[in-house]
Amino acid sequence: MIDLSVQIGKLKLKNPVLLASGTVGYGNEIAELTDLSKLGGIVTKSLSLKPRIGNPPQRVCETSSGMLNAIGLANVGVEVFIKEKIPFLKKLNTTIICNIAASSVEEYVECTRILTREEAIAAFEINVSCPNVKDGGLEFGNNLQAVAQITNKVKAVTDKPVIIKLSPNVSRISEFAKAVKDNGGDAVSAINTLVGTAFDIWTKKPKIKNVTGGLSGPAIKPVALAKVLEISRNVEIPIIGIGGIMDWKDAAEFMIAGASAVQIGTVNFINPKAGEEIIDGLIEYCKKMSIGRIADLTASYEI
Amino acid sequence: MYTELSTVESREKLNGNAYLLKVKAPQIAKSIKPGQFCNIKVSETNYPLLRRPFSVCYAEEDSVYFMFDIQGEGTKMLAEKKPGDRLNILGPLGNGFDTEGDYDTAVLIGGGIGVAPFPLLTEKLEGKEIVTFVGARSADHVIKWGMKNIVTATDDGSEGFNGNVIACFQSEVHKLEKRKIRIFGCGPNPMLKALQKEAINKYDCQLSMESAMACGFGICQGCPIKKSQGEGYYLVCKDGPVFESDKIIIE
Ligand SMILES: Cc1cc2nc3c(=O)[nH]c(=O)nc-3n(C[C@H](O)[C@H](O)[C@H](O)COP(=O)(O)OP(=O)(O)OC[C@H]3O[C@@H](n4cnc5c(N)ncnc54)[C@H](O)[C@@H]3O)c2cc1C
Ligand SMILES: Cc1cc2nc3c(=O)[nH]c(=O)nc-3n(C[C@H](O)[C@H](O)[C@H](O)COP(=O)(O)O)c2cc1C
Ligand code: FES
């Protein structure tokens, strides 16, 4: 038997495969297509205090080996989430991580303060890195003091593990990871989407209404791996690796580069069963490599 | 909702640019309703990355049919499929046309490949009078497969009415004066916008909308369409793709 469990600070997961925020909704639609109880966990869509209607269409477009999105954090807001989404999430036999996005430090704190009472939520992932909203979002993700302050203030209102989701749109991501660690953050998620754009050459107009969007999918995998490695080599903090994972090989690669767990995003749109398949693939891989505890794979790179 | 690894049974070229693909997908075939769609993975590799949405054109026993025209790389690859090739299909997705209710004549109005969902709809409408308006660029682009009682309109006048399909409907609708009609529309946005304007406060009308999509089943929030009442959006993939014409704002 291979021990698939991993530890992210105080948070224990039955296996290292999580579904990424914004790519599983609140769990209910994708649950029809895959068995969520097999997964290490799911991260819910970014929540803000009040509902957000999101950006006007067109919100998504395909690019070379990737896609751009400018959803604009469309979400039901904390109140409706508690009333309408938590009851379903409670029934799932998997770890629920609640992702929060906000346009001010106070809003991050307020959301966490309200949600921390919900038993179904095992941990928080704080999104300081959404490229698609005017207020907040990247403004925070680019600013060391802001990331430090958000981590510190959010930690003060919850006993649950706090994971900060970092932006790749900075020159030294490890400095941000260090700020998270120094302020009591339990882990970092790396990475959120990269800022990108695309134009229609016949109309000369941007393909998405917001002009720029967040790039995800296989196109960003090498960048994401490099960010995970940079953090792993410079800061002692658990890392959840994200970016372009399509199969178990990609997941193994992220763990080797320094990730304790991984999140898969865009692939859920294409193959809603990808999470389950990745876990099966990792088990086979561990057998072949005579790895008894999958956690031993983390940062096992030989450079 | 199922993901089915299905097998291509046949491919037929309908006209200059349009194809009909028959695939064996028993679970989807048994549960599909007219106006619903499927999300097809057109290749087994990561290129193209995303699935492509297609209306289910027709279904019989264990098979479903898709009618499509070549737009870009994805549809080009789909057009090259041969019997025996594998295709991963996700469906049925969305809510289809609502065929229940009080009307005696169904008026189907389709522009270009927008006629794709009509064969299955036509079958489902058994017992109702049907008039189908089919619009196309020119005679060699007119599609009639699986449809009944067809009136054609072509932009260049090479077949039927000379002009667009909405103008054609306007010029013919007096013939339906004594009927209780319900309109079912599908096609490009400008056509549906014109139809919506025509239908407003006048006809019972349902429109099948298109939108760029990533997931097709409600998890990415990528396919919004503006609500006509109140703030915010519907999701085309989950709340649609068929909407009552007065419920949405077409941009
Ligand atoms: C609910 C629904 C039902 C559809 N049914 C049919 C059908 O029965 N027959 C048919 O021929 N076409 C249909 N379409 C349009 C069809 O999905 C596109 O023509 C197709 O995705 C183009 O793919 P491509 O790779 O050839 O083109 P590309 O231009 O290379 O596509 C690039 C990207 O844009 C998206 N895209 C391009 N055009 C459209 C479009 N019009 N609508 C939505 N996404 C688009 C593609 O999915 C892809 O992600 C439908 C669309 C929707 C939303
Ligand atoms: C459509 C879409 C919506 C997303 N929404 C969110 C979100 O609300 N909050 C968040 O933290 N990340 C969001 N993300 C980012 C993903 O969680 C993930 O970090 C990113 O897509 C990279 O992983 P991938 O290449 O596996 O998709 C979104 C991504 C996509 C594609
Ligand atoms: S396409 Fe993903 S929500 Fe509609």
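Cys130(A) is buried, with 7% relative accessible area. UniProt, in an unreviewed entry, puts an "active site" feature on Cys130(A). Keep in mind that this is a predicted model.

**The annotated site in chain A**

- Cys130(A) sits in a loop of chain A, between strand S8 (121-127) and helix H4 (138-141).
- Its 7% relative accessible area falls under the 20% cut-off, so Cys130(A) counts as buried.

- An unreviewed UniProt entry carries a "binding site" annotation on Cys215(B), Cys220(B), Cys223(B) and Cys237(B).
- The four cover a stretch of 23 residues in sequence, but no two of their C-alpha atoms are more than 10.2 Å apart, so they come together at one spot.
- From this group, Cys220(B) is included in the lining of the largest cavity.
- Cys215(B) belongs to the loop between S13 and strand S14 (224-227) of chain B, and with 1% relative accessibility it is buried.
- Setting aside neighbours within four places in sequence, Cys215(B) contacts Phe269(A), Asn39(B), Leu90(B) and Cys220(B). That list brings in a residue of chain A, Phe269(A), as well as one of the other annotated cysteines, Cys220(B).
- Cys237(B) is in the loop between strand S15 (233-235) and strand S16 (242-244) of chain B; Cys237(B) is likewise buried, at 1% relative accessibility.
- Again leaving out neighbours within four places in sequence, the contacts of Cys237(B) are Phe37(B), Leu93(B), Gly94(B), Met213(B), Gly216(B), Phe217(B), Gly218(B) and Cys223(B).

- Gly240(B) lies in the loop between S15 and S16 of chain B, and it is buried at 0% relative accessibility.
- Although 33 residues separate Gly240(B) and Leu207(B) along the chain, their C-alpha atoms are 9.1 Å apart.
- Not counting residues up to four places away in sequence, Gly240(B) touches Gly94(B), Asn95(B) and Leu235(B). Gly94(B) also turns up among the contacts of Cys237(B).
- Pro53(B) is part of strand S4 (residues 52-55) of chain B and is partly exposed, with 34% relative accessibility.
- With residues up to four places away in sequence left out, Pro53(B) touches Phe37(B), Cys38(B), Asn39(B) and Met213(B). Phe37(B) and Met213(B) are also contacts of Cys237(B), and Asn39(B) is one of Cys215(B).

**Aromatic pairs**

- There are 13 aromatic pairs over all chains.
- One is Phe133(B) with Phe169(B): the ring centres are 5.6 Å apart and the planes stand at 90 degrees, so this is an edge-to-face pair.
- Phe133(B) comes from strand S9 (residues 129-136) and Phe169(B) from helix H4 (residues 165-172) of chain B, so the pair ties together parts 36 residues apart in sequence.
- Phe133(B) and Phe169(B) are both buried, and for Phe169(B) the relative accessible area is 0%.
- Phe169(B) also pairs edge-to-face with Tyr203(B), at 5.8 Å centre to centre and 70 degrees between the planes.
- This second pair links distant parts of the chain too: Phe169(B) is in helix H4 of chain B, while Tyr203(B) is 34 residues away in the loop between helix H5 (189-199) and strand S13 (204-208).
- Elsewhere, Tyr19(B), Phe54(B) and Phe68(B) make up one aromatic cluster.

**Charges over rings**

- Arg59(A) puts its charged end over the ring of Tyr233(B), 5.0 Å from the ring centre.
- Within chain B, Lys227(B) lies over the face of Tyr234(B), 5.2 Å from the centre of the ring.

Notes
Residues numbered from 1 in each chain as written. Chains lettered and ligands numbered in written order. Predicted model: local features only at pLDDT ≥ 70, side-chain atom pairs only at ≥ 80, totals over all residues. Heavy atoms only, no water. Phe/Tyr/Trp six-rings, centres within 6.5 Å; stacked < 30°, edge-to-face > 60°. Helix = DSSP H or I, 4+ residues; strand = E, 2+ residues; numbered from the N terminus. Buried < 20%, exposed > 50% of the residue type's maximum accessible area, 1.4 Å probe, protein only. Lys NZ or Arg CZ within 6 Å of the ring centre and 35° of its normal. UniProt positions renumbered as here; feature names shortened; annotations may be inferred. 1 Å grid on protein atoms, 1.4 Å probe; cavity = no way out; pocket = protein on both sides within 12 Å on 5 of 7 lines; lining within 4 Å. Contact = heavy atoms within 4.5 Å.
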